[in-house]
Amino acid sequence: MATPLEFTEAARERAAKILDRYPAEYRKSAVVPLLHLAQEEWGHVSPEAMACVARLIGCSPVKVAEIATFYPMFNREPVGEHVLAVCHTLPCALTGCGSVFDHLSEKLGIGLGETTADGRFTLRKSECLAACDRGPVLLVNRRLHTHVSPEKVDEILTELEKG
Amino acid sequence: MATITIDEQQYTVEEGRNLIDAAADLGIDIPHFCYHPGLAPDGNCRMCLTEMEIRPGQFGIVTSCTIRIKDGMNFRFNSPAVLDNRKGIMEFLLINHPLDCPWCDQAGECKLQDHSFDHGRGHSRFVETKRVPPKKDLGPHITLYTTRCILCQRCTRFCDEITGTSELGVVQMGSKSEIATFEGVPLDNRMSANVADICPVGALVTKDFLYKPRIWHYDKVDTLCPGCATGCNTTLEVLHQKIYRTKPRHNEAVNGYWMCDEGRFCYHGWQDADRLQAPLKRVDGELRQVTWPDAMDAAVSGIQAVLAGEGDSAMGVVGSSMATNEENYLLRRLGAEAFGSPRTGLDRKPDGEAWTSKSGFHIDADKTPNTRGARDMLGAGSPEDILRGIGDGTIRGLYVLGGDIGRTLSSEETDAFSKLEFLVVHDVHRSDLAELADVVFPGAIPFEKNGTMTNAQGRVQRLSPAFPPPSGAREDGAILRYVGQRMGVDLGGTDPAGVLEEIAGNVDGYAGLTYDLIGDQGAMTGGEGPSEAAGG
Ligand code: SF4
Ligand code: SF4
Ligand code: FES
Ligand code: FES
């Protein structure tokens with residue numbers, strides 16, 4: 001089996017707090033917050049990270065893999081510093097998400113699912129982000145941008161380059 | 001009991017029973033995929049939807065597998081809504097299915113095939129490209145044909161509920177969902193191959209049965225697993241005198257719906273053994289093949305020579321926990337009536353490992369199927385007693401029912417048996433024991449036996465032969481009778497049912513047992529432990 005990774009001391013404390021929220025017999029319910037913690041810790045959720053979470057909640061690792069592979073927001077491969085996800089579900093498609101994606105792709109010089117050579121940006125598509133009345137929608141890391149246009153993309157990118 | 005209505009007809013069924021099972025009791029088949037009577041209902045496949053009256057006069061769709069019968073329930077099994085739903089579910093399930101029935105090992109016993117035929121629409125409206133995920137090696141015994149899987153999760157639930165090992169899960173989402181193991185954690189629990197039995201389609205297959213003859217060619221033989229003292233009920237699939245597959249046969253009191261992998265695949269060892277094709281006799285220090293009459297002459301004169309020597313009972317008899325109750329019983333009679341009340345022992349290989357699953361399925365440490373029955377029949381003393389008898393010269397000749405391919409002799413045993421003046425052995429191959437014998441009679445393996453065995457719980461169960469012994473070998477009961485005859489003792493007819501009748505009359509705890517009573521689910525012995533009446 002993949003050798004489980006070990007959380008840092010600080011993450012271990014946070015994991016303990018997360019586990020405290022659930023009664024002992026429902027420890028498994030902590031799987032999603034712990035996977036988020038793992039992703040914060042290591043940038044993506046590798047099999048070794050899943051094994052770490054499985055050990056914490058006391059279940060078979062494949063049960064953690066079920067959850068980690070179900071939610072697309074858990075990165076299974078290493079990603080860039082910033083993850084940009086363009087919503088491509090129908091309402092956003094109707095408001096022009098295509099041009100937003102193409103613009104991003106051209107500016108960053110990468111295609112779908114790719115990461116820039118300097119490791120700063122990863123470009124993705126996403127399913128509906130629940131802001132259909134304000135499309136096109138772009139998710140930047142954990143922040144949602146609505147009514148996005150190619151111009152607004154430039155602004156967002158400049159902002160990110162600064163930060 | 002509860003009175004329920006199905007399609008305007010009233011029926012009386014067991015209260016609290018699952019609707020699918022209750023309907024099955026009535027001979028009504030509710031099509032289903034994810035429900036299995038050995039697992040908790042899961043309600044995920046939606047094939048079992050029927051209509052139930054949820055308010056007076058108002059029907060709603062429910063999953064039959066999660067309904068527990070209560071008095072007064074009212075169902076519609078064949079309303080347009082129900083039939084339509086089935087058609088729809090079948091269409092969904094077949095969207096990505098490869099329809100590779102012509103070379104699928106499940107063909108002929110596939111629920112998807114059957115339900116497609118009964119409830120499908122007959123043609124596909126799906127014009128898009130099908131997903132073709134590669135097949136996966138899940139563990140030592142099991143391969144997953146990923147394309148065929150309908151995600152009913154019987155297999156994952158088996159590993160969660162029955163073995164408690166949880167090696168299987170469903171990874172990914174939506175149409176990409178598939179059954180998987182975690183990397184480096186294969187499906188290798190001790191009951192893993194059961195997942196192939198319960199997979200309703202051809203997704204999970206045992207490597208052992210891959211690309212074997214089509215399932216409808218086999219003769220099915222209901223018998224017992226000879227792998228341990230649990231005595232799991234099995235069905236063998238046999239073609240041209242060869243076993244191709246063993247499946248567990250349901251017996252709630254013994255093995256439920258399951259069997260262990262070791263037991264399931266043990267037929268190979270027996271079937272591939274280098275069998276004795278003729279009796280053997282020691283001539284000038286070497287074992288030579290001889291004819292049956294020649295071997296009989298040798299055996300009888302050898303035994304008579306021992307009996308003519310000093311001591312009260314210079315012969316000993318050793319029964320076998322691989323042999324049936326009837327064979328051990330006949331051995332006891334042969335000993336008592338022809339060898340002058342010999343000392344009696346029971347041959348058994350050393351214990352292996354016991355294991356109990358989360359659900360309570362038990363693999364016994366005793367890797368022979370009939371220790372309890374053989375003891376009951378023989379009233380056998382300890383194996384040490386026999387060795388002691390040989391050591392102090394009170395046992396000078398021995399008659400042993402062997403026949404366990406897994407049995408090897410310890411050096412102590414080899415030393416003891418070498419000291420014997422005369423040794424007669426029944427065996428199936430040239431075992432350690434046979435190598436020491438003066439006469440070896442080629443007997444039958446458990447898959448060739450007809451009779452009963454008593455498992456560790458004291459349940460007497462029937463064994464049926466998949467095929468006869470090889471032409472040069474004989475059933476052990478027949479050999480014993482032949483020896484008896486040559487020594488002036490009539491051991492009766494050859495029918496094991498008749499011998500059982502005799503056992504019922506003579507062995508404590510077996511009173512009243514008949515073939516009919518034992519049936520295909522076995523019957524408990526009345527008394528506990530070995531009987532007083534048995535033994536010489
Ligand atoms: S492999 Fe078979 S048992 Fe397992 S989910 Fe798929 S169809 Fe069901
Ligand atoms: S538990 Fe024992 S009797 Fe049952 S299948 Fe396994 S070896 Fe055979
Ligand atoms: S479709 Fe883009 S947010 Fe809903
Ligand atoms: S059998 Fe009831 S939903 Fe699958």
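Q: How many of the 536 residues in chain B are buried?
A: Buried residues make up 57% of the 536 residues in chain B. Keep in mind that this is a predicted model.

Q: What secondary structure does chain B have?
A: Count helices and strands separately. Chain B has 16 helices. Its strands number 25.

Q: What box do the C-alpha atoms of chain B fill?
A: Take the box along the principal axes. For chain B it is roughly 90 × 50 × 35 Å.

Q: Where do the domains of chain B lie, and how are their centres placed?
A: Start with the bounds. In chain B, domain 1 covers 2-78 and domain 2 covers 280-524. Then take the centres over C-alpha atoms. Those of domain 1 and domain 2 of chain B are separated by 52 Å.

Q: Into which domains is chain A divided?
A: Chain A is divided into domain 1, residues 9-68, and domain 2, residues 82-162. The C-alpha centres of these two domains of chain A lie 29 Å apart.

Q: Is Pro61(A) buried or exposed?
A: Read the relative accessible area against the cut-off. Buried means under 20%. Pro61(A) has 10%, so Pro61(A) is buried.

Q: Where is Pro61(A), and with which residues is Pro61(A) in contact?
A: Pro61(A) is in helix 4 of chain A, residues 61-70. Neighbours within four places in sequence are left aside. The contacts of Pro61(A) are then Met1(A) and Ala54(A), together with Phe182(B) and Val185(B) from chain B.

Q: How many residues apart in sequence are Pro61(A) and Val153(A)?
A: They are 92 residues apart in sequence. In space, C-alpha to C-alpha, Pro61(A) and Val153(A) are 40 Å apart.

Q: Which residues come nearest to ligand 1?
A: There are 14 residues around ligand 1. Cys149(B), Cys152(B), Gln153(B), Cys155(B) and Cys199(B) come nearest. The shell divides into 12 nonpolar, 1 polar and 1 charged.

Q: What space does ligand 1 take?
A: Ligand 1 takes the space of the second largest cavity.

Q: Which residues are around ligand 2?
A: Name the residues, then class them. Among them are Cys225(B), Cys228(B), Cys232(B) and Cys260(B). The list also includes Gly227(B), Met259(B), Phe361(B) and His362(B). The shell around ligand 2 has 7 nonpolar residues, 4 polar and no charged.

How values were computed
Residues numbered from 1 in each chain as written. Chains lettered and ligands numbered in written order. Predicted model: local features only at pLDDT ≥ 70, side-chain atom pairs only at ≥ 80, totals over all residues. Heavy atoms only, no water. Near = heavy atom within 4 Å. Nonpolar A, V, L, I, M, F, W, Y, C, P; charged D, E, K, R; others polar. Helix = DSSP H or I, 4+ residues; strand = E, 2+ residues; numbered from the N terminus. Buried < 20%, exposed > 50% of the residue type's maximum accessible area, 1.4 Å probe, protein only. Contact = heavy atoms within 4.5 Å. Domains from an automatic or database assignment. 1 Å grid on protein atoms, 1.4 Å probe; cavity = no way out; pocket = protein on both sides within 12 Å on 5 of 7 lines; lining within 4 Å. Sits in = over half its atoms within 2 Å of the grid points.
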